[in-house]
Amino acid sequence: MVVATWLFLGGVRHSRTLLGKAGLGFLGLGTLLGSLYALQRIVFVTVQLASGTSYPALENLLSTTLKQATVLSVAVGVCLPPLSVAVEYVAAWSTLRKLRPLWVQLTEAAPYVVLATSVGRWRVRFRLERCVIEIEDACLALREYVSVDMHTKARRFVRQEGVAAQLSDAVAEACWLRAAVQSARNGERLQGVEYPPLGVTGRDRASELSWLRTVARAYLSSPVVSEFVRQEHSSISHEQGASERISSNDN
């Protein structure tokens, strides 16, 4: 029981989740209480054998209390890790549901990034991992349809529209992605220019998912993003019209 206590409590710092840490902590507490139960039994038996004196009321109180506390702690500790798995599953499903619309939009513009192998619907965490990878691959592909100047313009536009500072980078990312998707549909690939950086680069797992959720929300529902794309489309159409008029005059 002492060894089990040492193993459980030592494993707390290695657990990835809060519920996992709590489960190992309760298991460690349960085995520690079990050790104390065994110790008090040894003490009472030793005293009785050595002196013939017994304390039945005290012994019963301590034994019952330690046994009940041990069973309760172990029961709670055993239940928490599976609950942690269930919480992770639900969180992964929720994130996948929020990212799926963005995945649809980006992979329609860059369908060649989608892997051919199918994945079972119940494998939610694997599907989420694949969704994130394909979104990031699509972003890399769509960079070739916009320049870093558009990224700079998007950031400036977002600040002018009064978007909160903590959201401005993600909204700007959604702006140039929407513009890139539109350009990809028109086949307007750029060459010889510097492409915009990806905001998701260099983030840990939690920050990466949070970033993508924010970008997805802005991409799908932000009026700032819609207005930016509308203005860019109008500007490009105006420039193309002017070029055609100049060409006609030259002829």
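1. What should the 34 residues of helix α2 span at 1.5 Å a residue, and how far apart are its end C-alpha atoms? The model is predicted. Helix α2 covers residues 18-51 and should span 50 Å. Its end C-alpha atoms are 49 Å apart, which agrees.

2. Both ends of α2 deserve a look. At the start, a side-chain oxygen of T17 comes to within 3.0 Å of the backbone nitrogen of G20. Just after the helix, G52 takes a positive phi of about 75°.

3. Next, the burial of α2. Several glycines of this helix are buried, including G20, G23, G28, G30 and G34. L27, T31, L33, S35, Q40 and F44 are buried as well. Where do the buried residues of α2 pack? They lie against α1 (2-11) and α3 (56-109).

4. The largest nonpolar core has 49 residues. L99, L106, I135, L142, V171 and L177 touch the most other members. Two or more residues each come from α3, α4 (124-142), α5 (148-160), α6 (165-185), α7 (205-221) and α8 (223-250). Helix α6 gives the most, with eleven residues. In soluble globular proteins, nonpolar side chains tend to be buried together.

5. Leaving aside residues up to four places away in sequence, I135 touches L99, L102, W103, L106 and L212. Two of these contacts, L99 and L106, are themselves named among the core residues that touch the most other members.

6. Helix α6 has 21 residues. From first C-alpha to last it reaches 31 Å, close to the 30 Å expected at 1.5 Å a residue. Just after α6, G187 takes a positive phi of about 70°.

7. A179 lies in α6. Is A179 buried or exposed? Its relative accessible area is 6%, so A179 is buried, the cut-off being under 20%. Not counting residues up to four places away in sequence, A179 touches V146, M150 and V229. The C-alpha atoms of A179 and Y145 are separated by 8.4 Å, and these two residues are 34 residues apart along the chain.

8. How many aromatic pairs does the structure hold? There is one. F157 and F228 form it, with 5.6 Å centre to centre and 55° between the planes.

9. Why does E232 count as buried? Its relative accessibility is 10%, and buried means under 20%, so E232 qualifies. A polar contact of 3.3 Å joins the side chains of E232 and K153. Residues up to four places away in sequence aside, E232 touches M150 and K153. M150 is also one of the residues that A179 touches.

10. Two arginines are placed over rings. The charged end of R123 sits over the ring of F126, 4.6 Å from its centre. The charged end of R178 sits over the ring of Y219, 5.5 Å from the centre of that ring.

Definitions and conventions. Residues are numbered from 1 along each chain as its sequence is written. This is a predicted model: local features need pLDDT of at least 70, side-chain atom pairs count only at pLDDT 80 or more; totals for chains, interfaces and linings use all residues. Side-chain values use heavy atoms; hydrogens and water are left out. Helices (H or I, at least four residues) and strands (E, at least two) are DSSP runs, numbered from the N terminus. The expected span of a helix is 1.5 Å times one less than its number of residues. Buried means under 20% relative accessible area, exposed over 50%, partly exposed in between (1.4 Å probe, protein chains only). Contact means heavy atoms within 4.5 Å. A polar contact is a pair of N or O atoms within 3.5 Å; within protein, one must be able to donate a hydrogen and the other to accept it, and residues adjacent in sequence count only if both atoms are side-chain atoms. A nonpolar core is a set of buried Ala, Val, Leu, Ile, Met, Phe, Trp, Tyr and Cys residues joined through side-chain atoms within 4.5 Å. Rings of Phe, Tyr and Trp (its six-membered ring) pair if their centres lie within 6.5 Å; planes under 30 degrees apart count as stacked, over 60 as edge-to-face and the rest as tilted. A charge sits over a ring if NZ of Lys or CZ of Arg is within 6 Å of the ring centre and within 35 degrees of the ring normal.
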